[in-house]
Amino acid sequence: MKVITDERLVIKNLKNIRFAFAFQTLALVGIILYDGITKGFNNITNNPIWLVLILTSVILGYLNLSISVDSYENERRIRKMPYYLLVLSCLAAGVIFGLLTKLTSNSSLTDSIIIGSVIFLCFLGTFSFGYFLIKKRSKDNEE
């Protein structure tokens, strides 16, 4: 297969891929909704298509994060914050969500701790990825 070097064709190819991805995502959502309507909404998460849809969304979010970092760097200079502040902010978000879970529902302390831990890890993973991506890009720009 020959590599496309014409920018017009590259952009057209990317638009085609975007359209196919959007169609595929809408089809997956349609299948999941149909499954939810016919078998009950509680069974939606038992469908393996649900897992594919969630993982695809997570991967797309992480891939778009690097584009967002590039766009943000081009707009203005990023002020660097220490990594420990980032960890403390994520920990605060986890504690807040854990407390909200405990206060607003009839869940046990164990459930609240699990939810707070998951929120903490999700925030930490996302913000750490962005932090180290920014750090790597700024180091590359300095060299």
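Among contacts in the protein chain between residues at least 6 apart in sequence, what percentage join residues at least 24 apart? The share is 65%, where contact means heavy atoms within 4.5 Å. The structure is a predicted model, in which local features need pLDDT of at least 70 and side-chain atom pairs count only at pLDDT 80 or more, while totals for chains, interfaces and linings use all residues. Residues are numbered from 1 along each chain as its sequence is written, and side-chain values use heavy atoms, with hydrogens and water left out.

The protein chain has four helices and zero strands, and its elements follow the order α-α-α-α from the N terminus on. Helices (H or I, at least four residues) and strands (E, at least two) are DSSP runs, numbered from the N terminus. Of the 143 residues in the protein chain, 17% count as buried. Here, buried means under 20% relative accessible area, exposed means over 50%, and partly exposed is in between (1.4 Å probe, protein chains only). The accessible surface of the protein chain comes to about 11,300 Å², and 68% of this belongs to carbon and sulfur atoms. Such areas come from the Shrake-Rupley method with a 1.4 Å probe, and for residues only the protein chains shown count as cover.

Next come the aromatic rings. A pair of aromatic rings is described by the distance of the centres and the angle of the planes. Rings of Phe, Tyr and Trp (its six-membered ring) pair if their centres lie within 6.5 Å; planes under 30 degrees apart count as stacked, over 60 as edge-to-face and the rest as tilted. Across the whole structure, five aromatic pairs are found. In one of them, Tyr83 and Tyr131 have ring centres 5.2 Å apart and planes at 50°, so this pair is tilted. Because Tyr83 lies in helix α3 and Tyr131 in helix α4 (residues 109-142), the pair ties together parts that are 48 residues apart in sequence. Tyr83 itself counts as partly exposed, at 28% relative accessibility. The rings of Phe97 and Phe123 also form a tilted pair, since their centres are 6.5 Å apart and their planes stand at 50°. With Phe97 in helix α3 and Phe123 in helix α4, this pair ties together parts that are 26 residues apart in sequence. Phe97 is partly exposed at 37% relative accessibility, and Phe123 is partly exposed at 30%. Ring pairs also link Tyr83, Tyr131 and Phe132 into a cluster.

Ser128 lies in helix α4 and counts as buried at 10% relative accessibility. Apart from its neighbours within four places in sequence, Ser128 is in contact with Tyr83 and Leu86. Ser112 is found in helix α4 too, and its relative accessibility of 4% makes Ser112 buried. Leaving aside neighbours within four places in sequence, the contacts of Ser112 are Gly98, Thr101, Lys102 and Ser107.

The surface has a feature of its own. Met81, Tyr84, Leu85, Leu88, Leu91, Val95, Leu99 and Leu103 form a nonpolar patch there, with about 780 Å² of accessible area together. Patches are made of residues with over 30% relative accessible area and no salt bridge; like charges are joined within 9 Å and nonpolar side chains (Val, Leu, Ile, Met, Phe, Trp, Tyr) within 5 Å. One of the patch residues, Leu85, sits in helix α3 (residues 83-104) and is partly exposed, with a relative accessible area of 34%.

How many salt bridges are there? The count comes to one, a salt bridge being a side-chain nitrogen of Lys or Arg within 4 Å of a carboxyl oxygen of Asp or Glu. Lys39 forms this link with Asp35, and the closest N and O atoms are 3.5 Å apart. Both residues lie in helix α1 (residues 7-39), four residues apart, about one turn of the helix. Lys39 is exposed, with a relative accessible area of 57%, whereas Asp35 is buried, at 10%.

Finally, the structure holds zero disulfides, a disulfide being a pair of cysteine sulfur atoms within 2.5 Å. Cys90 counts as buried at 1% relative accessibility, while Cys122 is partly exposed, with a relative accessible area of 46%.
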